[in-house]
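Please work through the exercises below with the sequence and the 3D structure at hand, and try each task before reading its solution.

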Amino acid sequence: MPRFAANLSMMFNEVPFLDRFDAAAQAGFTAVEFLFPYEHPVEAVGERLKRNGLTQALFNLPPGDWNAGEKGFAALPARFNDLKASLETALPYAKATGVKRLHLMAGIANRGERVAIEAFYKSVAWAAEFFAPHGIDIVLEPINARNVPGYFLNDFGFARDLIQELRLPNLKLQFDIYHCQIIHGDVTMRLREMMPIIGHIQIASIPSRNEPDGEELNYPFLFDELDRLGYAGFVGCEYNPRGKTTDGLAWFKPYAGVKP
């Protein structure tokens, strides 16, 4: 049975960020993820996790100036020093939360330019090697051009080839089903092909990015498929609730309380 992690950046927005840990636990989640914790004291984030008996499934490495439109800088040759500094920023949060996987964002760059590709390979290898002694995986997530125009990593095949070429034990694919359906379609066959390199999965309805209970995809089938494929990782609920978060959790009730 899939192990779901509530995404606290998108869910439970009815309460302040730190209170969302409590809300997720009360709703039956045993794990959480979020985009970025860096505006909050590391001790406070760790305390909320422990207080609620939650597992931290994932969070993102610092993306740069998010409000100015930056979406990471791993593919930006001039920002390698920022990349290295971002790993140091994230490490205390990783230690405090016990997280085992971190998402490295590529940034806005042209994948047709060799310097961007070379910068991305260099940044990915550096990040994976930096976190390897801490038992932490780096995951790479292809993101569709509708949501993030110009994002460097917008193809699952490119991500797969990079991971297989670098052959770093702690480098994995973050397979967001929502993004995969928009970019490529054929989600089930891609899950079957790429399962050996998948380190994290995320879900949302397509095209609205709401609760995974309708629209284009048959999520109950996909959840069963993850079991058939032996997926033992987390499934992040990276969706925008249509209304109050708890009012839209009927789909989750059969899975509530499943332990990591």
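This is a predicted model: local features need pLDDT of at least 70, side-chain atom pairs count only at pLDDT 80 or more; totals for chains, interfaces and linings use all residues.

Residues are numbered from 1 along each chain as its sequence is written, and side-chain values use heavy atoms, with hydrogens and water left out.

**Exercise 1. Two helix contacts of H2**

Task: Describe how helix H2 packs with helix H1 and with helix H3.

Solution: Begin with the elements themselves, since helices (H or I, at least four residues) and strands (E, at least two) are DSSP runs, numbered from the N terminus. Axes are lines fitted to C-alpha atoms, for helices over the stretch in contact, and angles run from 0 to 180 degrees between N-to-C directions.

Step 1. The axes of H1 (residues 19–26) and H2 (residues 42–51) come within 9 Å and cross at roughly 15°. H1 is therefore roughly parallel to H2, given that angles under 35 degrees count as roughly parallel, over 145 as roughly antiparallel, 65 to 115 as roughly perpendicular and the rest as oblique.

Step 2. On the H1 side, Asp-19, Phe-21 and Asp-22 meet Val-45, Arg-48, Leu-49 and Arg-51 of H2, where contact means heavy atoms within 4.5 Å. By class, this contact has 3 nonpolar, no polar and 4 charged residues; here Ala, Val, Leu, Ile, Met, Phe, Trp, Tyr, Cys and Pro count as nonpolar, Asp, Glu, Lys and Arg as charged, and the others, Gly among them, as polar.

Step 3. For H2 and H3 (residues 80–97), the axes come within 9 Å and cross at roughly 20°, which means that H2 is roughly parallel to H3. Val-42, Val-45, Gly-46, Leu-49 and Lys-50 in H2 meet Pro-92, Tyr-93, Ala-96 and Thr-97 in H3, and these residues divide into 6 nonpolar, 2 polar and 1 charged.

**Exercise 2. An oblique pair**

Task: Which residues form the contact of H4 with H5, and at what angle do the two helices pack?

Solution: Step 1. H4 (residues 114–131) and H5 (residues 156–166) pack at an angle of about 55°, with their axes 11 Å apart, so H4 is oblique to H5.

Step 1. Ile-117, Phe-120, Tyr-121 and Val-124 in H4 meet Phe-158, Leu-162, Glu-165 and Leu-166 in H5. The residues of this contact comprise 7 nonpolar, no polar and 1 charged.

**Exercise 3. Aromatic pairs**

Task: Classify the ring pair of Phe-34 and Phe-59, and then that of Phe-130 and Phe-131.

Solution: A pair of aromatic rings is described by the distance of the centres and the angle of the planes. Rings of Phe, Tyr and Trp (its six-membered ring) pair if their centres lie within 6.5 Å, and planes under 30 degrees apart count as stacked, over 60 as edge-to-face and the rest as tilted.

Step 1. By this rule the count comes to 23 aromatic pairs. In one of them, Phe-34 and Phe-59, the ring centres are 5.7 Å apart and the planes lie at 20°, so the pair is stacked.

Step 2. Phe-34 lies in the loop between strand E2 (31–33) and H2, and Phe-59 in strand E3 (residues 55–60), so the pair ties together parts that are 25 residues apart in sequence. Both Phe-34 and Phe-59 are buried, where buried means under 20% relative accessible area, exposed over 50% and partly exposed in between (1.4 Å probe, protein chains only).

Step 3. Phe-130 and Phe-131 form an edge-to-face pair, with 4.8 Å centre to centre and 80° between the planes. Phe-131 is buried, with a relative accessible area of 0%.

**Exercise 4. Surroundings and backbone**

Solution: Step 1. Ile-198 belongs to strand E7 (residues 198–203) and is buried, with a relative accessible area of 10%. Not counting residues up to four places away in sequence, Ile-198 touches Lys-172, Leu-173, Phe-175, Leu-191 and Tyr-231.

Step 1. Most residues other than glycine have a negative phi, and most peptide bonds are trans. A cis peptide bond, with omega about 15°, joins Ile-206 and Pro-207, and Pro-207 lies in the loop between E7 and helix H8 (219–228).

Step 2. Glu-215, although not a glycine, has a positive phi of about 70°. Glu-215 is placed in the loop between E7 and H8 and is partly exposed, with a relative accessible area of 42%.
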